[in-house]
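Please examine the sequence and the model first.

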Amino acid sequence: MCRHDTTALIELLDRDPVANIFTRSQMSLHRSAVPDGFSHIIGLDGDDGLESACWVGANLAPTAMPAEDAKRYAAHALESRQRFASVFGPAETVLAMHDVLQGGQLEIFDVRDNQPLMAITECPASIRRNQLRPAQVQEFDLVLPASAAMFEEELGYSPLENGGSFYRNRVRQLIRDGHTLIDCDQRGNIIFKADLGTVTDKAVQIQGVWVNPKYRGQGLAAGYMAATVDYAKQFAPIVSLYVNDYNTAAIKTYQRIGFEQVGTFATILF
């Protein structure tokens with residue numbers, strides 16, 4: 001894509017600010033359809049202009065598109081021989097890309113084919129909030145183990161293997177931005193942590209939700225999530241997240257505080 005495609009790309013992404021939040025956040029950061037660094041955005045035009053787009057970087061993030069177009073994007077990714085860690089986005093699109101990517105040079109580690117995409121605009125006042133606060137920069141060494149524990153529970157390996165410099169920088173940046181929320185017990189141990197992983201002026205996506213195993217099963221998650229939503233609404237009117245379909249406890253918690261499913265995501269992990 002070229003810089004003159006920027007306006008058309010923004011209009012395309014803003015048709016669904018929840019599903020397209022990742023690429024839209026990158027547009028806000030780079031202010032162009034041509035991002036800085038090695039990442040790039042590719043698109044397909046139709047009779048009425050730009051019809052679809054895909055972020056290509058450390059990850060692939062496609063917008064919703066017909067299956068045949070999704071396969072064309074996947075073929076382009078294979079031809080580029082670029083390495084990427086995951087593909088995530090609307091399930092129909094991602095799974096169509098999977099049909100092509102599974103024949104490529106990268107070994108697929110896992111496929112999460114049913115991840116409810118959920119959103120909320122307001123938590124019920126009847127939900128009792130638990131106290132949360134933004135983590136401070138000097139608390140990086142406190143937050144990092146909690147973040148890594150969440151990651152390892154989710155993916156089965158530690159993000160700190162071989163040093164984990166990228167992951168450490170990511171955790172540090174979230175803290176600096178005021179996008180990591182925590183609550184601690186009297187001993188200074190984190191009870192709950194959540195990140196505003198992706199933020200635009202139209203929507204926020206909550207990521208990295210983690211409850212200390214010592215405090216699980218006590219009914220604390222709903223109050224913490226409601227407080228997280230309240231905080232996130234300072235940045236945008238819609239708060240979203242996506243979750244694996246087998247995590248039924250988390251889904252029930254999100255539904256309890258008012259989240260509703262607005263779509264389905266899928267993720268391919270390499």
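## An exposed loop residue, N162

The model described here is predicted. Within it, N162 has a relative accessibility of 83% and therefore counts as exposed, since the cut-off for that class is over 50%. N162 is placed in the loop that runs between α5 (140–155) and α6 (165–176). Its phi is near 60°, a positive value in a residue other than glycine.

R81 is found in the loop between α3 (67–80) and β4 (86–90). For R81, phi is near 60°, which is a positive value in a residue that is not glycine. The relative accessibility of R81 is 60%, so this residue counts as exposed.

## A buried threonine, T93

Helix α4 (residues 91–101) contains T93. This residue is buried, because its relative accessible area of 2% falls under 20%. When neighbours within four places in sequence are left aside, T93 is in contact with P62, T63, A64, M65 and A70.

## The pairing of α1 and α2

Helix α1 (residues 6–13) and helix α2 (residues 21–30) have axes that come within 10 Å and cross at roughly 145°. The crossing of these two helices is left-handed.

On the α1 side, the residues that meet α2 are T6, L9, I10 and L13, and their partners in α2 are T23, R24 and M27. Sorted by class, this contact comprises four nonpolar, two polar and one charged residues.

Terms used: Residues numbered from 1 in each chain as written. Predicted model: local features only at pLDDT ≥ 70, side-chain atom pairs only at ≥ 80, totals over all residues. Heavy atoms only, no water. Axes fitted to C-alpha atoms, helices over the stretch in contact; angles between N-to-C directions. Helix = DSSP H or I, 4+ residues; strand = E, 2+ residues; numbered from the N terminus. Left-handed = near helix turned anticlockwise from the far one by under 90°. Contact = heavy atoms within 4.5 Å. Nonpolar A, V, L, I, M, F, W, Y, C, P; charged D, E, K, R; others polar. Buried < 20%, exposed > 50% of the residue type's maximum accessible area, 1.4 Å probe, protein only.
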